[in-house]
Amino acid sequence: MKKLILAANWKMNKTATDAAAFVSSFEEFAAKSKHTIVICPSFTSIFALVNAKAKNIHVGAQNIFFESKGTYTGEISSSMLADAGVEYVIVGHSERRAMFGDTNEVVAKKLKVAIEGGFKAILCIGETYDEKLNKQTKKVLKTQLESAIKGVSATENLTVAYEPVWAISSGDPTKPKMTPTNDEIAKTHLFIKGILEKYGFNKTKILYGGSANDKNCEEFAKIENVDGFLIGGASLEVEKFASMLKAVEKI
Ligand code: PGA
């Protein structure tokens, strides 16, 4: 029996009003699930989710800034997130790496601040379509992972999300969209686990992300070293997210 983490990454979707409405319909499904449900809304919806106090809905942020306070217009600090009641923080999502200057160096700083702030951090790593094509997957994942975890001591508060950019629904519109095979996921998660263990992260859970949905999640969840999912598109509708929960309930 596996206890998975199903983490919703809502990206830039839903107002606070939408978020509150979502939770009031979704909470009965979350409450029944044996798995851990996390929802990462936009910053403006965090209070709506925290104040809903829904059973088994943990609230996460999609980003964090590494400085503690000061002249950083538009940024959100660790203490602000803690005060808002946030429990999880996503760091290094591929959209932030591609569009908002989150280099490996920046991601390492954010991860350190998140872990030191007592959050459960979800560190995203993943290769692009071209990197996969050029057989760079292992090299890219190793660099992304090592550069981030070198700065923190081994902790159970780290979770890694393997998100191949070529499988994410947003991805690169100019490149083909694919879903990895079970074998690809198994091999890659094993590879990631090996690196984590080398640095003493023996209990780190590894999520899969990239077009995970109610059709494929049961198969994927059966794979060794798949400890859950980071879910974009399929987490935006109550019915779809609820049917994912149902699909993995007997795992
Ligand atoms: P997707 O997004 O499930 O819509 O592919 C996953 C993610 O970007 O975290």
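**View 1. Strands β3 and β4, side by side.** Strand β3 (residues 57-61) and strand β4 (residues 88-91) run parallel and are joined by 2 bridges. Two strands count as a pair if DSSP finds at least two bridges between them. Gly-60 has Tyr-88 of β4 as its bridge partner. Strands of a sheet pair through backbone hydrogen bonds, either parallel or antiparallel. The strands (E, at least two residues) and helices (H or I, at least four) are DSSP runs, numbered from the N terminus. This is a predicted model, in which local features need pLDDT of at least 70 and side-chain atom pairs count only at pLDDT 80 or more, while totals for chains, interfaces and linings use all residues. Residues are numbered from 1 along each chain as its sequence is written, and side-chain values use heavy atoms, with hydrogens and water left out.

**View 2. The closed barrel.** In the order β1-β2-β3-β4-β5-β6-β7-β8, 8 strands close into a barrel with parallel pairing. From one strand to the next, the twist averages 25°. Angles run from 0 to 180 degrees between N-to-C directions, and axes are lines fitted to C-alpha atoms, for helices over the stretch in contact.

**View 3. Strand β1 and its cover.** Of the 5 residues of β1, 5 are buried (under 20% relative accessible area; exposed is over 50% and partly exposed in between, with a 1.4 Å probe and protein chains only). In a regular strand the side chains alternate between the two faces of the sheet. On one side of β1 the buried residues are Ile-5, Ala-7 and Asn-9, and on the other they are Leu-6 and Ala-8. β1 pairs with β2 in the parallel sense over 5 bridges, and Ala-7 stands opposite Val-38 in β2.

**View 4. Helix α7 and Thr-137.** Helix α7 (residues 137-149) lies across β5 (120-125) and β6 (158-162), at about 155° to β5. Thr-137 is placed in helix α7. Thr-137 has a relative accessible area of 17%, so it is buried. Leaving aside residues up to four places away in sequence, Thr-137 touches Glu-127, Glu-131 and Lys-132, where contact means heavy atoms within 4.5 Å.

**View 5. The largest pocket.** This pocket has a volume of about 450 Å³. A pocket is an open set of points on a 1 Å grid over the protein atoms alone, with protein on both sides within 12 Å along at least five of seven lines; a cavity is a set where a 1.4 Å probe fits but cannot get out, and lining residues have an atom within 4 Å of a point. Points are joined across faces, edges and corners, and a volume is the space filled by probe spheres set on them. Of the 19 lining residues, Lys-11, Met-12, Gln-62, Arg-96 and Phe-100 lie nearest the centre of the largest pocket. Helix α4 (residues 94-99) gives the largest share of this lining, 3 residues.

**View 6. The second largest pocket.** About 310 Å³ of space lies here. Among the 18 lining residues, Ser-94, Ala-98, Thr-128, Val-165 and Asp-172 lie nearest the centre of the second largest pocket. The largest share of its lining, 5 residues, comes from α4.

**View 7. The cavity.** A search of the whole structure finds 1 cavity of 30 Å³ or more. The lining of the largest cavity includes Gly-92, His-93, Cys-124 and Gln-144, and α4 and β5 each supply at least two of its residues.
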